[in-house]
Amino acid sequence: MTITRTSLRWNGWGPENQPELLPDSAPQWDWMRDNLGMARLPATKAKPLAEIKLAPCRLSETVLDRLRAIVGAEQVKIDDYERAFHARGKSYHDLLYVRAGKLDMAPDAVAYPRNADEVLALVKLASDEDIALIPFGGGSSVVGGINALAKSLGGPVLTLDTTLMTRVIQIDKIAMTATLEAGIYGPALEAALQKHGVTLAHYPQSFEYSTLGGWIAARGAGQQSNRYGKAEKWLVSAKLATPKGFWTTEATPASAAGPNLNQLVAGSEGTLGVICEATVKIHEIPARKDYRGYLFKDFASGVEAARRINHADIPVAMVRLSDAAETYFFQAFSSSTSPTSLKARLQRAYLRFRGFGDSPCVMLIGHEGDAETVTWAQTRSEKICTALGAMKLGTGPGERWYHGRFRSPDMRDPMLDHGVGIDTLETSTRWSNIGNLREKVVAAIEGAIAANLPEPGGKGIVMAHVSHSYPDGASLYFTFVFPRQLDREIEQWQAIKRAASDALLENKGTISHHHGVGLDHVPWVAEEKGPIGFDVLKTIKREMDPKGVMNPGKLLG
């Protein structure tokens, strides 16, 4: 899959020519309207770029000429499309602005370097001229991580797009590491590695439209992180261009020479420098993959199964448990038939007859590796699930999820076109707190939605799943769908976000497990890190970036 900037939606997700996922005649819209208590679904189309007037570029011709001298005239963009595309990320909050044509936060120019030396020259120019510099990979951040925020109101902003930096520098099949440039997109990265029989196997939901550097900068997690690890686990070393020059982190397999500084790079979100290259751990392409489903009578039983699987050291690639609300939502919204059809009602009646009541929860378990290990691990996992009362669903649900695992974001644009809001947030906590944290956060989101509805009778849908697990705990990923208050939709989102984020920290969760901090989570970072820890991070930022030009406002505020 070849990705070019102009082939992508500047104000939505995926390619410009993407097929219509849910036509207006689809039965899901009636279900959505009824379940949200909406009298009708309004038409809320995005404003075309041709009808939007961007502010003039604030960079002088002298600065623009210096940029062109570094990367070439063709790689410095000041046209409306490039500036609009790089204005914000892909969060619900971001899309409210860009779909409404509010592009006050557009960069003045976008530069496309082709190598680390050009990146360093751009970083030094930005620092010398006191220009805010925004590192930009795929632009898939959902927390405001790449928004073109100036250092001060009205100040200049330069976005540095890394996506021409796509070289595979080295593959070491003895040490099982690979060194690559950071601007390579997920599909191109895997295609390059798999030609040599190896894989990174980092598959976030944004895989098709995100880059290696972005995964590291946000401390991201792929869907198979149980087996292959989050970014901070598979990162071996990184080369960054900083205002003080190149910084290359240590690359030994282990060291007692003080703290490992790779852990500072992972999650730095472009605030210390631009990640130019990275060395990562790789694996042989698994000979076999087995993904299958199980149905639990309640969420608590599924959580206990996930905990036991982790504590039994079974080499799973993924354990994903949906709560009852998410199980029902995705069954209803992804089905080609109406949720009220005879077939759907008979299925629910059968489950009640089997003792599953009205709150069954689907778990998907994935195993990857050599055939013998996968068979052994699948048998062990299944034994734990059935001992806790789970019904075996076979490989069908797992295979359907696997083949459509990158498609969920495609539903958001059609929802936004119909007056429906949809957003997500994620956290992690210890096993003993999973049930409490889920309950408190769901209640907080439901309460905030109920207090910010456009009309009487409306309601939201709040759902959650466990998707990444560890010996001591797991992540929780929340999705919430709601009728938009079209006359105050930013304020509506802020109220929901504030309530949910407060509930996370009040109930021993982290503000983010894998999305990062960006702008959206800054108000809660100091509390999570504590005053001493937060001061340490600020001190490092001041030392690495004395003028504060690197991605202002993100991570630390």
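The axes discussed here are lines fitted to C-alpha atoms, for helices over the stretch in contact, and the angles between N-to-C directions run from 0 to 180 degrees. The structure itself is a predicted model.

The account begins with helix 2, residues 61-71, and helix 5, residues 116-129, whose axes come within 9 Å and cross at roughly 165°. Since angles over 145 degrees count as roughly antiparallel, helix 2 and helix 5 are therefore roughly antiparallel to each other. The crossing in which helix 2 passes helix 5 is right-handed. On the side of helix 2, the residues that take part are Val63, Arg66, Leu67, Ile70 and Val71, and they meet Glu118, Ala121, Leu122, Leu125 and Glu129 of helix 5. Sorted by class, this contact comprises seven nonpolar residues, three charged residues and no polar ones.

A further pair is formed by helix 17, residues 434-450, and helix 18; their axes come within 8 Å and cross at roughly 160°. That angle makes helix 17 roughly antiparallel to helix 18. Here, too, the crossing is described as right-handed. Helix 17 contributes Leu437, Lys440, Val441, Ala444, Ile445, Ala448 and Ile449 to the contact, while helix 18 contributes Ala495, Ile496, Ala499, Ala500, Ala503 and Leu504. The residues of this contact divide into 12 nonpolar, one charged and no polar.

Helix 18, which spans residues 489-506, also packs against helix 19, at an angle of about 5° and with the axes 11 Å apart. Angles under 35 degrees count as roughly parallel, and helix 18 and helix 19 are therefore roughly parallel to each other. In this contact Lys497, Arg498, Ser501, Asp502 and Leu505 of helix 18 meet Trp524, Glu527 and Glu528 of helix 19. By class, there are five charged residues, two nonpolar residues and one polar residue.

The volume of the second largest pocket is about 780 Å³. Its lining consists of 34 residues, of which Arg219, Thr510, Ser512, Glu528 and Lys529 lie nearest the centre. Two or more lining residues come from each of helix 10 (262-265), strand 16 (420-430), strand 18 (473-483) and helix 19 (522-544). By class, the lining divides into 13 nonpolar, 12 polar and nine charged residues.

Methods: Residues numbered from 1 in each chain as written. Predicted model: local features only at pLDDT ≥ 70, side-chain atom pairs only at ≥ 80, totals over all residues. Heavy atoms only, no water. Helix = DSSP H or I, 4+ residues; strand = E, 2+ residues; numbered from the N terminus. Parallel < 35°, antiparallel > 145°, perpendicular 65-115°, else oblique. Left-handed = near helix turned anticlockwise from the far one by under 90°. Contact = heavy atoms within 4.5 Å. Nonpolar A, V, L, I, M, F, W, Y, C, P; charged D, E, K, R; others polar. 1 Å grid on protein atoms, 1.4 Å probe; cavity = no way out; pocket = protein on both sides within 12 Å on 5 of 7 lines; lining within 4 Å. Points joined across faces, edges and corners; volume = space filled by probe spheres on them.
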